[in-house]
Each structure stands twice: as structure tokens, then as C-alpha cells.
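Let's take a friendly walk through the aromatic residues and helix packing of this chain. Please have the structure open as you read.

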Amino acid sequence: MRKTLTPTVSWVGKTDWELTRFHGDEYSTHKGSSYNSYVVEEEKTVLIDTVWLPYAKEFVDNLEAEGLLAKLDAVIAQHAEIDHSGALPELLRRRPDLPVYCTANGVKSLKGHYHGNWDFHVVKTGDEYALGNGKKLVFVEAPMLHWPDSMFSYMTGDAILFSNDAFGQHYASERYYNDLVDQDELYSECIKYYANILTPFSALVKAKIEQVLSLNLPVAMIATSHGVIWRDNPTQIVQKYMEWAQDYKEDRVTILYDTMWQGTRILADTMAKAISEASPSTTVVLHCLSKSDKNDAITDVFRSKAILVGSPTIGKGILTAVAGSMEQIKGLRFKGKKAAAFGCYGWSGESPKVISELLKDSGFELVDDGFKALWNPDKDAIASAYEYGKAFAAKI
Ligand code: FEO
């Protein structure tokens, strides 16, 4: 399968409509994904990235059917994660002479995954690969976007930035370009991708964008490794990343909770009503963590200025759905957000304290010690929860 992008650059990747989970079971892909691989055919023929392992044979067979396999002069491995490097073993089994260009960390990661003694050529920022016809690929190391080995490649002449994971989305489409797809769907997948994958690396995102912008390079296309290719106002996604990388928040509150016998759910609903009535401009979103998609919940946390997290007390701790999401939230290292905890209890009532500690460890600013209600909330407890929600709205 080949899609021509310019007279000498083609997409030769795999669109995966079947994918529902990514990174093991950690990331939901409601709209599938794609593993974008590109081939540049100037005087030299160069492959940029490959596809996920299950599609390795199909991918290399396609290269052969297109007459590209025998023509290739080099493969650029911008990132060693299996969704992009998965077809390298099959490719190099059939073309063992092919040089592999990657960063020094790329060699470590690729050897770590595949244990192959391939013809590695280490590149660093500013190094070039001459394509012929007056064009070249210029490499830019981009550590932690998404792994230590990641890099971008910029093609002069055609002005294409091959950005690998950065600026991508898990979004299957046969339309290939950003201007041809539903914009709400596209941006919803972009922000989910940033929130769930790139948030902890925001400082590096900002610094890398500033570095690339300072080069004043023309950019006709940003060809990512997942989802659509940005060709219409391609730097719009770069501007969005700059916004998202700087402690992003909207006038939004997310309430995350789980419940055993509906008591903590009643507190969540009551607090949501109180916040909405106290601050009508604020969007309030609730996620019952044992039922909601956890990545959608994380995206709402990313968009929020404050969160409330609730669980009843169980075994002096909290429900596992809440604990699991708090572990994920901790890893994402959100900044500049406020928070508090709540929950029902029957006798010991540790849950708000446990959650508060987790929130503090995760970098949230606690606005108070939280709220708890004994047994199932009665009329008075519901009134107190309402007052608590109103006070929370005033503090954020
Ligand atoms: Fe799409 Fe970090 O791999």
C-alpha cells in the first residue's frame, strides 16, 4: 500500500483499524491507529521507520511488490519502540546489507529489543544524509519524545519534518491529511495522545519546539508516525503543543471516583452540582473510574484546573480503580492543578487522607483536608457535601 505525498515521498505504512488497546492495555484507541512509514526516492532511496511487529511481513512484502525493497539504500530508525521498529528484523533478514541510521540510544534500544548485529550508523543533531538531487535529511535528536532514542528528520527541498511520535494521534483514516478528516475527532485524539503520553515530558517538548523554530526552516508538511499528516497549516499542531506543554488548564473541574454502595457516587454528584451552580462558567465532568475509559478520564484531568478524587474506605485504603488511576496520574506529573479528596466510610474512614497523600505525591496543590461522610449520606451529609463543593469552587 503506497500513498504518494510528493513526487519523491510516499507513505508506505499500515493503517490499523482493528486496534483498540495500545501500550499493552494502557491506552484505549477508540479510532484505531496507524504506523506511518515513509519512503524517499531521490538519487538515494531511503525508508523512514517501519510498522508494528504483527504487520512486519505484510509491510516488507508490500515494499517488495512496489519494487522498493531491492532499491533501498538505507533505513532511518527514528524510534525503537515496537510500533515503529517492529518490521526491522524482517526487513533486515531480507536486506541484511542495509545500513540503519539512528541515535546512539537507538542502537541500545534496538539491540535491547531485537539483539541484532545490524549495520548501525549513529547520528546526532545536525548530522545529514545526502539524498541526491540537492536534497538531504537533517537529523534532530528529540530525547523523551517519546523515548531517549527518539529523533526527527527534516527533508530539505520538500520541507517535510518527519516527527515520529511527536504531533501524532491514534487515529485510523484512509484520508491521510489533517484537512480531510473531522477536526473534532482529530483534535480529540491529539489532546488525548498528548495528555496520556507526553505530559511528563512537557518541558522537553517546549525546549525542542523552541530549538526547531529557531532554525527558521520552512515546513510544508509534518509527517508523524501515527495518524494524519499535517499539510494544511502544518504548524497549527506545533502551536497547540506549545500551549499544552505549559501547564495547560481550562475552566474545567474533573471529579474522579468509584463507589461501592452509591454513597461516594452521591457525594460526587452533589459536589458537581454545587460547583456548577457556584461557578456556571466551569465545565464539570465526572468519571466513575471502574466504568469510564481511564484514558478519557486522564484527558479530562489534563484539561482541568482542579480535580476531586473520591473513594469509600476499604481495608483502610481505597478502591482499586481509584488506586490504579492515581498511579497513572502520578506518572504523568501534572503541574499547576489543585485538588481535594472525598469519600464515604463505615468505621475508620482513611480514604480522603490516603487519596490526599497520593494527590500531593503526584504534584497537585491540596486545597484542604478533604471531605468524608459516615455510612450512606443522609440529608445533612448531602447538604454538607453541597457546601463543600461550593467552597471548593471558590478555592480553585
Ligand atoms: Fe509510537 Fe513511542 O511509539
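Rings of Phe, Tyr and Trp, the last by its six-membered ring, count as a pair if their centres lie within 6.5 Å. In this predicted model, a search of the whole structure turns up 18 aromatic pairs.

Take Trp11 and Tyr176: the pair is edge-to-face, because the ring planes stand at 65° with the centres 5.1 Å apart, and planes over 60 degrees apart count as edge-to-face. Trp11 sits in strand β2 (residues 9-11), while Tyr176 belongs to the loop between β15 (160-164) and α5, so this pair ties together parts that are 165 residues apart in sequence. Trp11 and Tyr176 are both buried. Trp118 and Phe120 make a tilted pair, since their planes are at 45° and their centres 6.0 Å apart. Trp118 and Phe120 are buried too.

Ring pairs also build a cluster, made of Phe167, Tyr194, Tyr241, Trp244, Tyr248 and Phe302.

On the α5 side, the contact uses Ile191, Lys192, Tyr194, Ala195 and Asn196; α9 brings Asn295, Asp296, Ile298, Thr299, Phe302 and Arg303.

| Charged residue | Ring | Distance from ring centre |
|---|---|---|
| Arg231 | Tyr177 | 3.8 Å |
| Lys372 | Tyr345 | 5.2 Å |

Finally, have a look at Tyr171, in the loop between β15 and α5. Is Tyr171 buried or exposed? With a relative accessible area of 4%, Tyr171 is buried, because buried means under 20%. Leaving aside residues up to four places away in sequence, Tyr171 touches Lys31, Gly32, Ser33, Ser34, Val181, Asp182, Glu185, Leu186, Glu189, Gly227 and Val228. Glu128 is 43 residues from Tyr171 along the chain, and their C-alpha atoms are separated by 31 Å.

Conventions:
Residues are numbered from 1 along each chain as its sequence is written. This is a predicted model: local features need pLDDT of at least 70, side-chain atom pairs count only at pLDDT 80 or more; totals for chains, interfaces and linings use all residues. Side-chain values use heavy atoms; hydrogens and water are left out. Rings of Phe, Tyr and Trp (its six-membered ring) pair if their centres lie within 6.5 Å; planes under 30 degrees apart count as stacked, over 60 as edge-to-face and the rest as tilted. Helices (H or I, at least four residues) and strands (E, at least two) are DSSP runs, numbered from the N terminus. Buried means under 20% relative accessible area, exposed over 50%, partly exposed in between (1.4 Å probe, protein chains only). A charge sits over a ring if NZ of Lys or CZ of Arg is within 6 Å of the ring centre and within 35 degrees of the ring normal. Contact means heavy atoms within 4.5 Å.
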